[in-house]
Amino acid sequence: MRKAERLQKLPPYLFTALRNKINDAKKQGIDVISLAIGDPVDGTPAPIIDALCEAAKLPENHRYPTDEEWGMTPLREAIARWYKRRHNVKLEPSSEIVALIGSKEGCHHFALGMINPGDLVLVTDPGYPGYKPSIWFAGAEPYPVPMLEKNGYLPDLGSIPSDAAQKATGFFLNYPNNPTGAVATKGFLAELVEFAKTHDIAICYDNAYSEMVFGAERLSFLSAPGAKEVGVELNSLSKPYNMTGWRIGMASGNADIVGAIGQVKSNTDSGIFNAVQYAGIEALDNGDEAIDRMMEVYGARRERVLKTLHELGWTSEPPKGTFYLWIPVPSGHSSASFCDYMLETCAVVVAPGAAYGEYGEGYVRLSLTVPDDRLDEALARMREKLPRMSVGS
Ligand SMILES: Cc1ncc(COP(=O)(O)O)c(C=O)c1O
């Protein structure tokens, strides 16, 4: 069967290749521990599950979602309350918020709603692997903007060639950043708004990890003066409330961009199951303590991993956000060869930095979303099997 040409641009999905490697090892009877995937294992808080169960019993919630595909009004109002409470950002629920089945959907609909075939779209490199396929599906070309350790993994906007900046119509960024864990600063957000205004670029600021910081300020792009004139922020209930499987998130900010995303969504699906929307309201209104609890869990795991890495000879200080650790590989290794080495020596899977873009080469990503006992077992294997090294910048 002849498939559409747009599919030919897609590289194999990073985690498919990793999953295959894990499965091969498991078939050989090896007890593999994966630190490669960022998917919380700790379970959604009980009150959120209860809200879903109650709402799921009501026949009116078995029908097409209430209000419209953009999300029911009470959910959009809860999103506005959440942004005001947690980020001091004021949003108009009827025009500046669209509910989504996760921020991943927002990336895709932003591209289809805002980008024309032949456009150039800036994307940070390394970057979340979801952005490029969305850009290709819109018929546009991604333009990688390097994120370097020496700049705190923030893009140097001044070094983007002026012809690329002039031609670009969109920019995908994400802080706290997957994969590097870097966080943005208020100064950088202000610079980004100016850059977008100067070059007439629509910003898609993916803030899926907005609540996950260690000793840094939680920052919304929308809190930067002028941000709503140039962009939207994607956010998600996936990571802060352990709800990756529930599929609920949002895009907020510039009303024209929100409208474009909503228009694509209205013509693609019929919205989020009402019961999930009610559970989302419970999470957004009453879930602050659950976030704090999870951040303590991740903080403790992070300390244990860092202790082991330092004992083994890693010297670099970790960035301050997300539940990932982004670490350089020992000299003589590529990111892929170090992943293979970790699998062969420790039966521990880590994600190769090169899978996140050219500038991810030389690094691997470890995720803290693994049960404590499995993490401790992985760390014990690393301490036992890896030689002492000197790794870091
Ligand atoms: C940077 C980033 N954006 C978006 C997503 C997708 O999240 P969601 O579950 O909200 O679709 C992820 C998931 O890992 C991510 O890391």
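Pro179 is found in the loop between β5 and α8 (186–199). Helices (H or I, at least four residues) and strands (E, at least two) are DSSP runs, numbered from the N terminus. A cis peptide bond joins Asn178 to Pro179, with omega about 20 degrees. The model is predicted: local features need pLDDT of at least 70, side-chain atom pairs count only at pLDDT 80 or more, and totals for chains, interfaces and linings use all residues. Residues are numbered from 1 along each chain as its sequence is written.

Asn178 also belongs to the surroundings of the ligand, where it is listed among the closest residues with Gly102, Lys104, Ser236 and Ser238. In total, 14 residues surround the ligand. A residue is near a molecule or strand if its C-beta atom, placed from the backbone, lies within 6 Å of it. By class, the shell holds ten polar, two nonpolar and two charged residues. Ala, Val, Leu, Ile, Met, Phe, Trp, Tyr, Cys and Pro count as nonpolar; Asp, Glu, Lys and Arg count as charged; the others, Gly among them, count as polar.

The expected span of a helix is 1.5 Å times one less than its number of residues. Helix α5 is mostly covered, with eleven of its twelve residues buried. A residue is buried if 20 or more other C-beta atoms lie within 10 Å of its own, exposed if 12 or fewer, and partly exposed in between, with C-beta atoms placed from the backbone. The buried residues of α5 include Lys104, Glu105, His108, His109 and Phe110.

Strand β5 (residues 168–173) is mostly covered too: five of its six residues are buried. Strand β3 (residues 120–125) runs parallel to β5, and four bridges join them. Two strands pair if DSSP finds at least two bridges between them. Leu120 stands opposite Ala168 in β5. Strand β6 (residues 202–206) also pairs with β5 in the parallel sense, over four bridges. Here Phe171 stands opposite Ile203 in β6. Strands of a sheet pair through backbone hydrogen bonds, either parallel or antiparallel.

A cis peptide bond also joins Asp125 and Pro126, with omega about 5 degrees. Pro126 is placed in the loop between β3 and α6 (131–137). Most residues other than glycine have a negative phi, and most peptide bonds are trans. Asn88 is not a glycine, yet its phi is positive, about 55 degrees. Its place is the loop between α3 (73–87) and α4 (93–96). Asn88 counts as exposed because it has 10 C-beta neighbours inside 10 Å. Asn242 likewise has a positive phi of about 55 degrees without being a glycine. The loop between β7 (231–236) and β8 (249–253) holds Asn242. With 23 C-beta neighbours inside 10 Å, Asn242 counts as buried. Ser159 sits in the loop between β4 (141–146) and α7 (162–167). Ser159 is exposed, because 10 other C-beta atoms lie within 10 Å.

The protein is divided into domain 1 (5–44 + 289–385) and domain 2 (46–287). Domain bounds come from an automatic or database domain assignment. The C-alpha centres of the two domains lie 25 Å apart. In domain 1, 33 residues are in contact with 37 residues of domain 2. Two residues are in contact if their C-beta atoms, placed from the backbone, lie within 7 Å. On the domain 1 side, α12 (288–312) and β9 (324–328) are the elements that give two or more residues. Helix α12 gives the most, with six residues. This side of domain 1 has 16 nonpolar, nine polar and eight charged residues.

The 25 residues of α12 should span 36 Å, and the end C-alpha atoms are 36 Å apart, which agrees. Buried residues of α12 include Met294, Tyr298 and Leu309. Their cover includes β9, β12 and α14 (372–385). Gly313 follows α12 and has a positive phi, near 115 degrees.

Strand β9 also takes part in an open sheet of three strands, in the order β9-β12-β11, with antiparallel pairing. The edge strands are β9 and β11 (351–352), each pairing on one side only. Two bridges link β11 to strand β12 (residues 363–367) in the antiparallel sense. Ala351 stands opposite Arg365 in β12.
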